[in-house]
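Hi,

Here is the structure I promised to pass on to you. Have a look at it first, and then read my notes below.

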Amino acid sequence: MAAMQKLKLLWQGYLPLETAFWQYTILYGLLLNTVTTVAALFLVVLEVPIAYALIVHFLPLPYLVLTTVGVWRSADRYGHQGKFAPFARIAVLAWSAFWVVA
């Protein structure tokens, strides 16, 4: 239940921006997207119908939306001086777009 609570906090933007960006988007997102991309490529090599490979490839899409919205909302609440909040917004959009296209 603690994982669901953290995902809810992420969605609402209540996690610290650094945690939302580096831990949930970059670390967990990298793991999830790498696993599904490799699995999709494996399905292509096995000559499974391409529709199945595409389904596997796009399985992380809800998580990408969750982390993108979470980072964006966390950036709204980011109280520190500096340029990390706008950088995080741009980076999370680029990161999500990369994994959708990759």
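Accessible areas come from the Shrake-Rupley method with a 1.4 Å probe, and for residues only the protein chains shown count as cover. On that basis, the protein chain has an accessible surface of about 6,500 Å², and 75% of this belongs to carbon and sulfur atoms.

A word on the source: this is a predicted model, where local features need pLDDT of at least 70, side-chain atom pairs count only at pLDDT 80 or more, and totals for chains, interfaces and linings use all residues. Residues are numbered from 1 along each chain as its sequence is written, and side-chain values use heavy atoms, with hydrogens and water left out.

Now for a helix pair. α2 (17-45) and α4 (residues 61-77) pack at about 165°, with axes 9 Å apart; axes are lines fitted to C-alpha atoms over the stretch in contact, and angles run from 0 to 180 degrees between N-to-C directions. Contact (heavy atoms within 4.5 Å) involves residues including Phe21 and Tyr24 of α2 and Leu64 and Val71 of α4.

Finally, find glutamate 47, in the loop between α2 and α3 (50-57). Its phi is near 60°, a positive value in a residue other than glycine. Most residues other than glycine have a negative phi. Glutamate 47 is exposed, at 72% relative accessible area (exposed means over 50%, buried under 20%, partly exposed in between).

Enjoy exploring!

Key
Helices (H or I, at least four residues) and strands (E, at least two) are DSSP runs, numbered from the N terminus. Buried means under 20% relative accessible area, exposed over 50%, partly exposed in between (1.4 Å probe, protein chains only).
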